[in-house]
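Please work through the exercises below with the sequence and the structure open beside you.

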Amino acid sequence: MSANLYDRDFYAWANEQAALLRAGKLRQADIEHIAEEIESMGKTEKRELVSRLTVLLLHLLKWQYQPGHRGASWQATIRVQRRDLGRHMRDNPSLKAVVPEAIMDAYGDAVIEAGAETGFPESTFPATCLWSFEQVMDENFWPGS
């Protein structure tokens, strides 16, 4: 029944599973789907890291390559992304292990977006990110300033 409910009404299934787990009724719980959902939650946290890094790196690239367009909006976006990333990392400290891969993924996306937003060819930007995670998170780091 639970597996069928999983496909028909995820919200009801999740509530049912939570109640079963709280009651210690593990034999009745849909363990396979619960395990899949927990794994999915971990992947979501990594995607959030990459997404926020992409926005931050995009704005740092624009900050460096378009100094005449710098403004309060870009500065605010950079500052907010740094704060959000800091909170995300505090909430998920094990993500530190995937930061190098996340930067690589995020930087590739940021270059594509920077090319589209600036009108510069993507080849204008370095092929790999020249900044460390510590640098991009440093509130005093403003490339090209």
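**Exercise 1: Helix H4**

Helix H4 counts 20 residues and reaches 28 Å from its first C-alpha to its last, close to the 28 Å expected at 1.5 Å a residue, where the expected span is 1.5 Å times one less than the number of residues. Helices (H or I, at least four residues) are DSSP runs numbered from the N terminus. The model is predicted, so local features need pLDDT of at least 70 and side-chain atom pairs count only at pLDDT 80 or more, while totals for chains, interfaces and linings use all residues. Residues are numbered from 1 along each chain as its sequence is written, and side-chain values use heavy atoms, with hydrogens and water left out.

Task: find which residues of H4 are buried, and what they pack against.

Solution. Begin with accessibility, for which buried means under 20% relative accessible area, exposed over 50% and partly exposed in between (1.4 Å probe, protein chains only). By this cut-off the buried residues of H4 are Trp74, Ile78, Gln81, Arg82, Asp84, Leu85, Gly86, His88 and Met89. Next, look for contacts, meaning heavy atoms within 4.5 Å; the buried residues of H4 pack against H3, H5 and H6.

**Exercise 2: Arg82 and Gln135**

Task: decide whether Arg82 is buried or exposed, and list what it touches.

Solution. Arg82 lies in helix H4, and at 6% relative accessibility Arg82 counts as buried. Leaving aside neighbours within four places in sequence, Arg82 is in contact with Leu56, Leu60, Gln135, Val136, Met137, Asp138, Glu139, Phe141 and Trp142. The C-alpha atoms of Arg82 and Leu53 are separated by 8.6 Å, although these residues are 29 residues apart along the chain. Gln135 in turn touches Arg82, Leu130 and Phe141, not counting residues up to four places away in sequence.

**Exercise 3: How H3 meets H4 and H5**

Task: describe how the axes of H3 and H4 cross, and then how the axes of H3 and H5 cross.

Solution. Axes are lines fitted to C-alpha atoms, for helices over the stretch in contact, with angles running from 0 to 180 degrees between N-to-C directions. The axes of H3 and H4 come within 9 Å and cross at roughly 155°. That makes H3 roughly antiparallel to H4, since angles under 35 degrees count as roughly parallel, over 145 as roughly antiparallel, 65 to 115 as roughly perpendicular and the rest as oblique. The residues of this contact of H3 with H4 divide into ten nonpolar, five polar and six charged, where Ala, Val, Leu, Ile, Met, Phe, Trp, Tyr, Cys and Pro count as nonpolar, Asp, Glu, Lys and Arg as charged, and the others, Gly among them, as polar.

For the second pair, the axes of H3 and H5 come within 7 Å and cross at roughly 45°, and H3 and H5 are therefore oblique to each other. By class, the contact of H3 with H5 has 14 nonpolar, two polar and seven charged residues.

**Exercise 4: Helix H5**

Solution. An α-helix has 3.6 residues a turn, so residues three or four places apart point the same way. Just after H5, Gly119 takes a positive phi of about 85°.

**Exercise 5: H2, H3 and the loop between them**

Task: work out how H2 and H3 are arranged, and where Asp30 sits.

Solution. The axes of H2 and H3 come within 11 Å and cross at roughly 105°, so H2 and H3 are roughly perpendicular to each other. In their contact, Phe10, Trp13, Gln17 and Leu21 of H2 meet His33, Ile34 and Glu37 of H3. Asp30 has its place in the loop between H2 (10-22) and H3, and with a relative accessible area of 11% Asp30 is buried.

Terms used: Helices (H or I, at least four residues) and strands (E, at least two) are DSSP runs, numbered from the N terminus.
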